[in-house]
Amino acid sequence: MSMASKSMLNAQALARSRLSYRCYNHLSKIHVGLGSTPYSTKNSKVTASHQAHSLLSPCKLLSQQKATARKFSQRSLGQDNLLDVSVDSSSGVATLKMQKPPVNSFSLEFLTSLCINLDKLHSDGCRGLVIGSSLPKIFSAGLEITEMYQPDEARLREFWRTLQEFWIKLYGSQMITIAAITGHSPAGGCLVSMCCDHRVMADGKLTIGLNETLLGIVAPRWFSDTLINTVGHREAERALQLGKLYSPQEAVAVGLVDQVVPLESVAATVESTMAQWLKIPSHARHLSKLQLRQPTLDRLLHTRQEDIDNFVSFITKESIQKSLGMYLAALKQRSKAK
Ligand SMILES: CC/C=C\C/C=C\C/C=C\CC/C=C/CC(=O)SCCNC(=O)CCNC(=O)[C@H](O)C(C)(C)COP(=O)(O)OP(=O)(O)OC[C@H]1O[C@@H](n2cnc3c(N)ncnc32)[C@H](O)[C@@H]1OP(=O)(O)O
């Protein structure tokens, strides 16, 4: 699709959009409400009444996110249940599973839904959060490349702002966050897992890492800062330039993940790790986390608009668009050849 026709479609979608945030919110399976919603069983799944409850609950959202949801909700109407969120009411631990086939790629709608859910879980007093995937062999393929290829500029800006928002929320989260990496986790997928306090990865033929240079693009400073904070400066220097995708064993050796276990043991390992972390006084634990992460958070918080401008100007360059186009075509080709 040409840039002009994509822009026109987006403009039409914006003009048609009549949906409120409440409708948008319905996209995700949400059943949070610790203390306010009765939960009779461990990890009970959402019910109609819970869903109704969550639809009526006031939600803390930044006005930017509300605007985003209103503006672009039309496009996401066909995508239901992007997330499967459940809360264990006895421990206060939430499990958020990404379920956006085929590869859990982060589109604007998906990122918005993730931000909304993080806000809800936080405001409902969840103490822990496990981030995983419902898709076999995929944690997340990172950013949805079609958001960056031949983009509509207004949407591209919202997309990046929402990614920033998600990173800020997750990296500084008050909750204990654990990534259950049961599948591939390149680029943005790796970033999300690095935002967590602990990473458990399944052993096998999986990869994780910031591979941006392989796409001909450059990981922004806050991606590389997150990697440096995880694996150290020297390892990050090599990994970023090479676009290194690590096997689980390589990843655990450099500290990119904390544990590698057989796929069938990931859930139990996550559960026992969470139980250990839950024993630490929450306030002291969170302040310790912030002591180390706040300077990194501040760096982006102080330059958000500039970061969006840099991203837009970089990604819309003709040469970068060409690289992205070729990468997408190669992905499609590989997928077709399977
Ligand atoms: C001077 C400059 C300074 C600063 C710079 C300023 C700003 C920064 C600028 C830019 C930074 C932008 C940051 C981007 C970070 C990202 O996250 S980019 C995304 C990177 N992701 C990848 O490279 C992953 C690509 N995918 C894969 O490798 C495989 O799909 C994967 C191993 C995940 C799974 O493999 P498999 O199960 O075999 O699935 P398929 O490959 O068959 O894929 C299934 C279909 O999904 C499509 N697809 C895969 N990944 C993506 C994606 N990320 N986005 C969109 N679509 C994707 C694939 O094409 C298949 O589609 P099809 O079935 O053909 O329709």
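This is a predicted model: local features need pLDDT of at least 70, side-chain atom pairs count only at pLDDT 80 or more; totals for chains, interfaces and linings use all residues.
Residues are numbered from 1 along each chain as its sequence is written, and side-chain values use heavy atoms, without hydrogens or water. Local features need pLDDT of at least 70 and side-chain atom pairs pLDDT 80 or more, whereas totals for chains, interfaces and linings use all residues.

Reader: Which residues come nearest to the ligand?
Author: A residue is near a molecule if one of its heavy atoms lies within 4 Å of it. There are 29 residues around the ligand. Those that come nearest are Ala141, Leu143, Ile145, Tyr327 and Lys338.

Reader: Which residue has a polar side-chain atom 2.6 Å from an oxygen atom of the ligand?
Author: A polar contact is a pair of N or O atoms within 3.5 Å. Polar backbone atoms take part at Ile145, 3.0 Å from a nitrogen atom of the ligand, and at Gly188, 3.0 Å from an oxygen atom of the ligand. The side-chain atom in question belongs to Lys338.

Reader: Which helix gives the most to the shell around the ligand?
Author: Helices (H or I, at least four residues) and strands (E, at least two) are DSSP runs, numbered from the N terminus. Helix H6 (145–148), strand S6 (183–186), helix H14 (304–315) and helix H15 (318–337) each supply at least two residues of the shell. The helix that gives the most, with five residues, is H15.

Reader: How much space lies in the largest pocket, where the ligand sits?
Author: On a 1 Å grid over the protein atoms alone, a pocket is an open set of points where a 1.4 Å probe fits, with protein on both sides within 12 Å along at least five of seven lines. A molecule sits in a pocket if more than half of its atoms lie within 2 Å of its grid points, and the ligand sits in the largest pocket. A volume is the space filled by probe spheres set on the points, which are joined across faces, edges and corners. For the largest pocket, that space is about 1,200 Å³.

Reader: Which residues does the cis peptide bond join?
Author: Most peptide bonds are trans. The cis bond has an omega of about 5 degrees, and one of its residues, Pro102, is found in the loop between strand S2 (93–98) and helix H5 (108–123). The bond joins Pro101 and Pro102.

Reader: What is the phi of Lys137?
Author: Most residues other than glycine have a negative phi. Lys137, in strand S4, has a positive value, near 65 degrees.

Methods
A polar contact is a pair of N or O atoms within 3.5 Å; within protein, one must be able to donate a hydrogen and the other to accept it, and residues adjacent in sequence count only if both atoms are side-chain atoms. On a 1 Å grid over the protein atoms alone, a cavity is a set of points where a 1.4 Å probe fits but cannot get out, and a pocket is an open set with protein on both sides within 12 Å along at least five of seven lines; lining residues have an atom within 4 Å of a point.
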